[in-house]
Amino acid sequence: MRSVEEQQARVAAAAVAPRPVRVAIAESQGLMCAEEVVTERPLPGFDQAAIDGYAVRSVDVLSVGGTDDDGLNREVSLPVVGEIAAGARTPSRLQPRQAARVQTGAPMPTLADAVLPLRWTDGGQSRVRVLRGVRSGAYVRRTGDDVQPGDVAVRAGTIIGPAQVGLLAAVGRDKVMVHPRPRMTVLSVGGELVDVSRTPGNGQVYDVNSYALAAAGRDAGAEVNRVGIVDTDPAALREVVEGQISRSEVVVIAGAVGGAAAESVRAVLAELGEMEVARIAMHPGSVQGFGQLGRDGVPVFLLPANPVSALVVFEVMVRPLIRMSLGKRQPLRRVIQARTLAPITSVAGRKGYLRGQLMRDQDTGEYLVQALGGAPGASSHLLATLAEANCLVIVPSEVEQIRTGEVVDVAFLAQRG
């Protein structure tokens, strides 16, 4: 029986990022930048007002608030020679002892070196009385303050977030090279399956896995193609799988590790490349398959028919591969420690990934966890408990019993709400 870590290492070795593509910056969020974006123009491209106020020469207003030789407070009043709106394209020039009304983002007139905030004036229209002086450069965004020509705005390997999208727009880039989302295909096999659009007959069940695993793939960051239920006739199955591995970076087949149907599936897959079904020292989902098929060695996973087991195997094995393909530095979920609120039973010799509810003590800030589903095997198939879970309790393979109040490792699942 192979350890979880050994199987994860085999999977990780197959991770390959898709070839970079150029996309609109509106579509780049969450993807890894595949180029050094070098700025060609300064940002901002001109001296501009940082706030609403009056453009002035600082030497004309610095004396405000001081006293003259007679000990009297100095007062300064300047004529307002115009108003400059944001987006104004006509150059303007300020003469000594003049002011111009400016909006935030407006180009500064020649000779002006500061903006006098409205709150430091009487707000005059034709003439403004200065209540407080400003120094040179105050409330002015100088040319190139943010970025100078030749600066790298976004580096290769950076995950593009809202700030990077904004910076790309600010430097005039409408497209950017990125590593795209890996394409993932999800198939389900099993003679008992019917799609949710049909009414199941005697002995039939809904195809839960293709929907649940497709959603898990999207949550991980993949571009998902849900094929749904596939006929296990060898010729038909081979045609479908060959077609999908030619257009996918990851293929997931649910229901292909147990029973006669699974054996016929594995026989077809063995014709397309290396495929191994093994027992992994974990629960649920100890029996699972992994291989690389087709000319490009596309990673293909065989998951159990049990929806809970399939989702747990996806979480432990498939999701990290997708995250690595996206260039994420931390492909695994965040793991924290929490104190148990009730006893937990696990399977000896297997690393447990047990669904649970994580909460926090409001007084102490300590994390607390309540395992869901009861004893292993008793209700490990219940999808409802997984839907209620917000974490997986990770139990070491050598541990069978965890008492109330003991500390355990807990992996966060996706946040709801």
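Predicted model: local features only at pLDDT ≥ 70, side-chain atom pairs only at ≥ 80, totals over all residues.
Reader: Hi! Is Glu366 buried, partly exposed or exposed?
Author: Glu366 is partly exposed, because its relative accessible area is 28%. Here buried means under 20% relative accessible area, exposed means over 50%, and partly exposed is in between (1.4 Å probe, protein chains only). Residues are numbered from 1 along each chain as its sequence is written, and side-chain values use heavy atoms, with hydrogens and water left out.

Reader: Thanks! Which residue forms a salt bridge with Glu366?
Author: That is Arg339, and the closest N and O atoms are 2.6 Å apart. A salt bridge here is a side-chain nitrogen of Lys or Arg within 4 Å of a carboxyl oxygen of Asp or Glu.

Reader: And where do Arg339 and Glu366 lie?
Author: Arg339 lies in strand 22 (residues 335–340) and Glu366 in the loop between strand 24 (351–360) and strand 25 (367–371), so the pair ties together parts that are 27 residues apart in sequence. Helices (H or I, at least four residues) and strands (E, at least two) are DSSP runs, numbered from the N terminus. Arg339 counts as partly exposed because its relative accessibility is 33%.

Reader: How many salt bridges does the structure hold?
Author: There are 17. One of them links Arg173 and Glu35, with 2.8 Å between the closest N and O atoms. Arg173 sits in the loop between helix 3 (162–170) and strand 12 (175–179), and Glu35 in the loop between strand 2 (32–33) and strand 3 (37–38), so this pair ties together parts 138 residues apart in sequence.

Reader: Is Glu35 buried or exposed?
Author: Glu35 counts as buried, at 16% relative accessibility. Arg173 is partly exposed, at 22%.

Reader: New topic: what about Arg238 and Glu242 in helix 5?
Author: Both lie in helix 5 (residues 234–245), four residues apart, which is about one turn of the helix. Arg238 is partly exposed at 28%, and Glu242 is partly exposed at 36%.

Reader: Last one: where does Ser197 lie?
Author: Ser197 is in the loop between strand 14 (193–194) and strand 15 (205–206). Ser197 counts as exposed because its relative accessibility is 65%.
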